[in-house]
Amino acid sequence: MTPCFVPVPGLNGVFTGQLRKLSCTLLRLADGGLCVYSPVAGLEKSLLAQQPDLGPVTAILAPNHYHNKGLKAHVEAFPNAALYASTAATPRLSQITGLEFRPMEGLQAALGAGQVFHEPHGLKTGEVWVQLNGSDARALIVTDAFAAAVRPQGEKNDRVTMLGTFPRYGVSDVAIYTAWASEMLTAAAPTILLPCHGAPVAAADLTSQLIEQVNGLRAP
């Protein structure tokens, strides 16, 4: 089956696409343009084909310093899109890719209603989460902090896991991260998770699942 982006039920203007084990999320910004969260190499071809229906890509977000393999291809495919990364992720991203990244403030100002960026405390990769408060659902987009099983396009999981490499390569201070994440997740209370590793997760008890994963962290 040809990879493609499909809408996420309950979240207006949000689409997911997947290629093998990795997933990418599209967000409709306030001006109608699309932001590509964690571009996956190869998916730019699908997005180009669907652009007449989905709309123009105006922003590309590298959500941590590890997810960089698809950046150059997407920048070439969408030359008018602005490229963003967190301050913490930018040095390594610039060194590896040779690309120039804009600060998150510019993208923050372009977000639509119900879209909120979070930069988790206690991590070392410059990871950015996106909280989505839709009319029918509450969702969270993450990079490496959580994961799920790989499913056929359009299918969902009901259980969340943790990426095996995350504690060692993603966390700098377990106590700071677990305190921040537990508070943030409790307040956001997501029922949908859109991870970069695996298919989406939808569950009524998703918040408690996420907090359980966080509280199970041990110092690397």
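Visitor: Which residue in strand 6 is the bridge partner of leucine 61?
Guide: The model is predicted: local features need pLDDT of at least 70, side-chain atom pairs count only at pLDDT 80 or more, and totals for chains, interfaces and linings use all residues. Residues are numbered from 1 along each chain as its sequence is written, and side-chain values use heavy atoms, without hydrogens or water. Strands (E, at least two residues) and helices (H or I, at least four) are DSSP runs, numbered from the N terminus. Within strand 6, leucine 61 has as its bridge partner tyrosine 84.

Visitor: Do strand 5 and strand 6 pair in the parallel or antiparallel sense, and over how many bridges?
Guide: Two strands pair if DSSP finds at least two bridges between them. Strand 5 covers residues 57–62. Its pairing with strand 6 is parallel, and the count is 4 bridges.

Visitor: Which residues of strand 6 point the other way from Ala82 and Tyr84?
Guide: In a regular strand, side chains alternate between the two faces of the sheet. Strand 6 spans residues 82–85, and these four are all buried (under 20% relative accessible area; exposed is over 50%, partly exposed in between; 1.4 Å probe, protein chains only). Ala82 and Tyr84 point one way; facing the other way are Leu83 and Ala85.

Visitor: Why does isoleucine 192 count as buried?
Guide: Isoleucine 192 sits in strand 10. Leaving aside neighbours within four places in sequence, its contacts (heavy atoms within 4.5 Å) include Val8, Leu11, Leu140 and Leu206. Isoleucine 192 counts as buried because its relative accessible area is 7%.

Visitor: What distance separates the C-alpha atoms of isoleucine 192 and alanine 137?
Guide: The two residues are 55 residues apart along the chain. Ala137 is one of the residues in contact with isoleucine 192. Their C-alpha atoms are separated by 7.3 Å.

Visitor: What is the phi of serine 38?
Guide: Most residues other than glycine have a negative phi. Serine 38 lies in the loop between strand 4 (34–37) and helix 1 (43–54). Serine 38 is buried, at 1% relative accessibility. Its phi is positive, about 60°.

Visitor: Where is alanine 189 found?
Guide: Alanine 189 also has a positive phi, about 50°, without being a glycine. At 22% relative accessibility, alanine 189 counts as partly exposed. Its place is the loop between helix 6 (174–188) and strand 10 (192–195).

Visitor: How many residues line the largest pocket?
Guide: A pocket is an open set of points on a 1 Å grid over the protein atoms alone, where a 1.4 Å probe fits, with protein on both sides within 12 Å along at least five of seven lines; lining residues have an atom within 4 Å of a point. Leu22, Val40, Ala41, His67 and Lys69 lie nearest the centre of the largest pocket.
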